Amino acid sequence: MSYMVGYGSKYPQRIHHRGSVLPDIRKHPERIGCSEGYGFFRNVTSNPNVLIGAVVGGPDVNDRFQDSRLVVSQSEPTTYINAPFVGVLAFVKGRANV
């Protein structure tokens, strides 16, 4: 399983990310307040907006991954996970041009 959203054939479908969970504004043009957002957040279907390239927390200490928005430590994309990854890729890309 890939822990990068959109990479490979099996990756997280229910990430803990507000922009990914809420419906497209063209399908739901009405304002969605904080309280109303919880209905979308608690929904068990895949996120309607795929946050391609985001890296989530990954499996627990027993190598299990619950693809659930409620398991924040596994399903949330964060800067401290994504920043080093992007840095490494930038370095590799830079070395390829030398």
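Which helix is L89 found in? Select L89 in this predicted model and you will land in helix α4, which covers residues 79–96. L89 is partly exposed, with a relative accessible area of 45%.

Next, go looking for empty space. Rolling a probe the size of a water molecule over the atoms shows where such space is left. The structure holds one cavity of 30 Å³ or more, and the largest cavity has a volume of about 60 Å³. To see its lining, select V5, Y11, P12, Q13, I15, N47, N49, V50 and L51.

From here, turn to the charged pairs. Side chains of opposite charge can pair when their charged atoms come close. A search of the whole structure finds three salt bridges.

- Select R14 and D67, whose side chains meet with 3.1 Å from N to O. R14 lies in the segment before α1 (18–21) and D67 in the loop between α2 (34–42) and α3 (72–75), so this pair ties together parts that are 53 residues apart in sequence. R14 is partly exposed at 23% relative accessibility, and D67 is partly exposed at 21%.
- Move to R26 and D24, a salt bridge with its closest N and O atoms 2.8 Å apart. R26 counts as exposed at 71% relative accessibility, whereas D24 is partly exposed at 21%.
- Finish at D60 and R64, which form a salt bridge at 3.5 Å, N to O. D60 counts as partly exposed, at 26% relative accessibility.

Terms used: Residues numbered from 1 in each chain as written. Predicted model: local features only at pLDDT ≥ 70, side-chain atom pairs only at ≥ 80, totals over all residues. Heavy atoms only, no water. Helix = DSSP H or I, 4+ residues; strand = E, 2+ residues; numbered from the N terminus. Buried < 20%, exposed > 50% of the residue type's maximum accessible area, 1.4 Å probe, protein only. 1 Å grid on protein atoms, 1.4 Å probe; cavity = no way out; pocket = protein on both sides within 12 Å on 5 of 7 lines; lining within 4 Å. Points joined across faces, edges and corners; volume = space filled by probe spheres on them. Salt bridge = Lys/Arg side-chain N within 4 Å of Asp/Glu carboxyl O.
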